[in-house]
Amino acid sequence: MTDRANDDIVLEIENIGISYFTRIGEIPAVPDFSLRLKRGESYGLVGESGCGKTTVAMAIMNYLGRNGGVVKGSIRFEGRDMAAMSGEELRDIRGSKIAMVYQEPMSALNPSLTVGTQLKEVLVVHESVSDREARDRCVRMLRDVNMPDPDKVMGRYPHQISGGQQQRVVIAMAMLSNPSLLLLDEPTTALDVTVEATVIDLIARLREKFDTTLLYISHNLGLIVKVCDRVGVMYSGSMVEEGTIEELFKKTRHPYTFGLFDCIPTLGADKRGRTLEPIPGQVSLPHERPPGCAFGPRCKYFKPGVCDRGEIPIEHLDGSATHRARCLRVDEIEHVASSAGSEVDASDGEVVLDINRMSKFYEVSDISLAAILKGESTLYVKANEHLNFKAQRGRTVAIVGESGCGKSTFAKVLTGLETATEGEIVFEGENIGAISVEKRDRKLIRALQMVFQNPDGTLNPSHSVGHCIGRVVRKFGIESDPKKVRERVGEMLDIVRLPKEFATRKPRQLSGGQKQRIAVARAFAGNPSMVIADEPVSALDVSVQAAVINLLNDVQKQYNTTLLFISHDLSVVRFISDEIVVMYLGQIMESGAADTIFEPPYHPYTEALLSAVPIPDPDIEQKRIRLEGEMPSVLDPPKGCRFSTRCPRHLGEICDEREPPNQDAGGGHVIKCHIPLRELAQVEPIFHQKDAAA
Amino acid sequence: MTDEARESATRIDADAPKSAEQPDRAGFAKLLYNLGLLRESWAALIGVAIVGFWVLVAIFADAVTVFGPLEQDQFAFFKQPFQGEHWLGTDQLGRDLWSRLAYGARNTLIVAPTAMVCAYFLGISMGMLAGYYGGWIDQLISRISDIILSFPLIILFIIIISVFGASALNIIVAVTLAASPGIGRIVRGLTLDLRNLEYVSAAQIRGERSLYIMAVELLPNARGPLIVDACLRMGYTVITIGILGFLGLGLPPPEPDWGGMVAEARVGVTVPNLAYLAIVPSIAVSSLVIGFNLLADGLREISTRD
Amino acid sequence: MVVFILKRLAMMAVTMFVASFIVFALMEFTPGNVASKTLGPYATKEQKDILFEKLQLDDPLITRYVRWVGVLTGVTKDPLQDPELGLGFEDPRGDRYFGNFGWSLKYRGPVNDTLWRRLENTLILAGIAFAIIVPLSLVFGVLSGMREGSMLDRGLSYTSITLTSIPEFASAVFLTAVFVLLLGWLPGTANMQNFEEWSWASQMVLPVAVLVLYDFGYVARMVRGSMVEVMTRPYIRTAILKGIPYRQVILKHALRNALIAPFTVILLQIPFLITGVVVTEIAFGYPGFGKMLLESALFGDITTVEAATLIAVFIAVSTQLIGDVGYMYINPRIRFT
């Protein structure tokens, strides 16, 4: 090929190797990586954490820190070798030709400079425009990213605007000088799902408008489908499969890519419909990669003597110019889709938990002088208001909602870390709403246990796994003899499918997934009748997430425990739960059996949530409903319906003024809305299969 | 703000353990292993060497000296260092300087650690209570600390010692009183950081008593920063004891006291033949403090490296 | 904001109140009764008895404390100045004025005569030191924090560890040995007399140097620590990847954030320097506030000690107040919440 043919190539990465140099020596984070981006193209780079995708982005920016560097190969941007550029040339390109959007918008913005100062700077530095012109252009760009009231925002500090708005600022900053390449590093991971949907829409629109080349880095295949033309899947520092969206999703060839699809819960099926197949094992550390295929140790098609011999090249498939995979056995593998789940509803229908108009208010003092003078210095945060629902023995009830909806507060009240302000929580026949954990008896405490979100915080780093589980066993008087306690610990480890030797390990010697398993073992060690799981898998990678979900499911079945599953992820909730409670701003908007929630009639908020869920299937189309504005402050919620300020189906005054009724749609399906059920039932479903002919 | 946890997923680095293979050790083996870690920082090594030197001298003061610290050599006043049987010379009363230094080290290294243990006991208790319970307990403890901390330290020492008289016990009381609010503040901060972690909630949910949570769940995880802080404070306490001696508020004479030795000899610094009397104990104090500070720096470096 | 400042002012008043009571009570508990302490060792038994009665020393502690505060604030007359007693405690300011600290036994005159002169001397010494310490530590702290682990950074680290480890009395000894004994360039004392022999400036050099050496490293390390921390923040990466010149990244993005934390530390050096100079003042015989405090404490001159302590606590709490308000002002995250 001649150079001329490459004119429309914006970025060309050729066989680069990126290493970090640490005390233990050179760590090859990315051993060999190639990528070619054409002008105007949108490319998605997917992979789990630690696979090297961010490292690649930083290498493109030539910003690997003092201990990192490109050790081989070349990165050419618009035909120029980045490595050969002087500091001055590099500075010229950064921020003007190549721009970047980061994962955490809050920390990416300077807390002590106004938004305006940080935006204008880009134009002043790169285009030497006057302050006045820079200002005008920044305001225009803020308008382009749908920022409400751009003039005012220019004078604000980052902490004064919401997370979604901060990300819009970062995107505006990146687009200001109309870059030819935009790198997006997990730009929506820190955002709530409805906010994420609007930001994704925005990125897609800006891309069309400015004809920018995108490199979109994400762990979420569902997002990639929405914004990209081509996808590359990375595993342990290497690209394992690459192709167009169509090729990668429909003609998947690499075992790792299959594996990913098999372990992602989708909105299409629940635990009865299919099983999740976790990928066994864990990613090997960069300096401990096996010879041959890096995925080999976790691959079910692994063939000794073939897959572990020498380097494996990435090869084009079936004569396609775009579809490539790094697997020697790609033609021999016949992938079988995961088997159907086999779940019999074991519930005897006994109600274990009955929440009856439970509310939890926090008092906050307003320390502004005006408030004190007016004598209104006490404000109430209505974290939970009039919650009503029931949970039956052996079932899984999910509470879904975005941050600030009050779902974690509910967990605290239930476990007694907080007490209810009013209403009842009847647990196994006893009203426990007003009893704090210090006043609960051992039987009650033992009956209600919890699994937490963050694997790094869930285990005390100073104590061994054995101590941690053993303490529960002793505390709840199950065993007291040290030998028996040890046996019981071993049993629990066995149940969560970890070797007994793990009892002597400290948390820092465990992976995230293993820590969550220990947390599950700890929660179930006292034979509780109910376990509350607060976002137990949201901090885990998908391949590990599946294993923990399966585990929770199995252990629950084994002990016939009621599981209260708190989550923001509708796909996971869809998979695991029998019943779902949807919360918004402290109130329950909709509740009912899992499948009824995903079909009309919908509460308008549920409808918006479902519309925002990223789905890793190019064939499914979602009705597009986007929420306007920001979630109101919990200190000053709307008077009538909590959702009225953002509701796309807002009726009028009645929504703003009067609290909506709880309408019974039959079979325990309750919707809190002023819109008549009949009308709600008439909307078309959010999801439908794309018409193949169209 | 609500106490709603940030619910968006914070993804962890990789699904692999942070440190791959670190076998567990117990007791003495663990201590040796941790001391081995010090090799990675030459600052810490030098610190250990200096502190170790003075600790050995203090313990074996009887063995490493020829003369008693109070013994007066009638035939040798103002003997210069490095000449004859008095290694570091003698003072105006003919007392052996090396011997006074060695026994002075013993005094310092008894008073300073004792004061530190007391200060840490008090400070940790106050900080834990304030940080864990919050509310009015926190308010009360924090306000009392604020008041003590707004007394300039030296004035506090001068008042306490001049009121109650100079003695080892009073020095310990003064240092404890002055240092514990600062320690309390650090512990309170650490407790506040730790108390919202999930393993603490887990302990609360399984009905553990507050004392258990503080002692078993929180304290062990605060020890890293506290050890570094203790090293720094040891250095500072050695300075304080020196200052008290220098100001005439230290151990009453003729007890050997480094600060007191400098004070006695201060006027002579400008006289060529007497300067060593002030310089030698000054070097002793400075070296011990440098030792502690280098050790603290090295420990911090090691602990933040991974 | 207003509420915050009001709260801090109230807190400050409480602190002063408690501090004064503690000082008063401690001084009461020293051996010997107040009458004999007021009159000194050479008074007769008769004189002491008269004073004991006059001062109503039989009253409970609280009553006497209230009376003492009354004299201090100028609400009541100073009983000691009553000519009937014949003590000769005469204060040209009168026997009833705000800030009447009483009569100093050690300096044989009203406390106010000595106190303010000494405080002024100390302010000069501490002021010069402060004026040197702050810019020096800012420059070195920022430069070494900018590139963690650089030669400059390592050099500064170990220099400042060493310097802060040397107590003031020891560095006074070392400096005197070198510059006075060995080189003969400077005087060994700074008693602010004999200006014919040694100029004012030459007398100030060593005391200032001792203070600077001891304090500079500490402040510089604080600044460095804050700078290092800020340089690892993602917003610095954002600024660099925006293509902003490195100089500007430092000056505009890093500095502003890096100076927020050390701001309080720097302000706290003011009370430290004013009261912490005791050692330096003693070492060089400098007639300052700290030397006065120690002399009077050792002499048993309770009135002077009480006065000095109150002044010192006042300086400390007002710097704290300024620090808190200033901190709010320079930190937009607190200013606009």
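When I speak of the angle between two helices, I mean the angle between lines fitted to their C-alpha atoms over the stretch in contact, running from 0 to 180 degrees between the N-to-C directions. Please keep in mind throughout that what we are looking at is a predicted model.

With that in hand, let me start in chain C, where helix H8, residues 200-231, packs with H10(C) at an angle of about 130°, the two axes being 8 Å apart. If you want to find the contact on the screen, look on the H8(C) side for C:Ser226, C:Met227, C:Val230 and C:Met231, which meet C:Ala254, C:Asn257 and C:Ala258 of H10(C). Sorted by class, that contact has 5 nonpolar and 2 polar residues, with no charged ones.

From H9(B) the contact takes in B:Ile241, B:Gly242, B:Ile243, B:Leu244, B:Gly245 and B:Phe246, while from H10(B) come B:Trp258, B:Gly259, B:Gly260, B:Val262 and B:Ala263. Here the residues divide into 7 nonpolar and 4 polar, again with no charged residue.

Let me return to chain C and ask how it touches chain A: how many residues of each chain are in contact? There are 19 from chain C, and they are in contact with 26 from chain A. On the chain C side, at least two residues each are supplied by helix H1 (2-29), helix H9 (234-241), helix H10 (246-258) and helix H15 (332-335), and the largest share, 6 residues, comes from H9(C). By class, this side of chain C is made up of 10 nonpolar, 4 polar and 5 charged residues.

Now to chain A itself, which contains 24 helices and 26 strands. Its radius of gyration is 27 Å, close to the 26 Å that the globule rule gives for 694 residues, so chain A is as compact as a globular protein of that length. Taken along the principal axes, its C-alpha atoms fill a box of roughly 80 × 70 × 55 Å. Of its 694 residues, 52% count as buried, and among its contacts with a separation of 6 or more, 68% are accounted for by residues 24 or more positions apart.

Finally, a few backbone details in chain A. As background, most residues other than glycine have a negative phi, and most peptide bonds are trans. Against that, A:Pro600 and A:Pro601 are joined by a cis peptide bond, with omega about 0°, and A:Pro601 lies in the loop between helix H21 (594-597) and helix H22 (604-612). A:Asn15, in strand S1, residues 9-22, has a positive phi near 45°. Is A:Asn15 buried or exposed? Since the cut-off for exposed is 12 or fewer other C-beta atoms within 10 Å, A:Asn15, with 11, is exposed. A:Arg357, which sits in strand S13, residues 351-365, also has a positive phi near 45°, and with 12 C-beta neighbours inside 10 Å it counts as exposed.

Conventions
Residues are numbered from 1 along each chain as its sequence is written. Chains are lettered from A and ligands numbered from 1 in the order in which they are written. This is a predicted model: local features need pLDDT of at least 70, side-chain atom pairs count only at pLDDT 80 or more; totals for chains, interfaces and linings use all residues. Two residues are in contact if their C-beta atoms, placed from the backbone, lie within 7 Å. Helices (H or I, at least four residues) and strands (E, at least two) are DSSP runs, numbered from the N terminus. Ala, Val, Leu, Ile, Met, Phe, Trp, Tyr, Cys and Pro count as nonpolar, Asp, Glu, Lys and Arg as charged, and the others, Gly among them, as polar. The radius of gyration is taken over C-alpha atoms; the globule rule is 2.2 Å times the number of residues to the power 0.38. A residue is buried if 20 or more other C-beta atoms lie within 10 Å of its own, exposed if 12 or fewer, and partly exposed in between; C-beta atoms are placed from the backbone.
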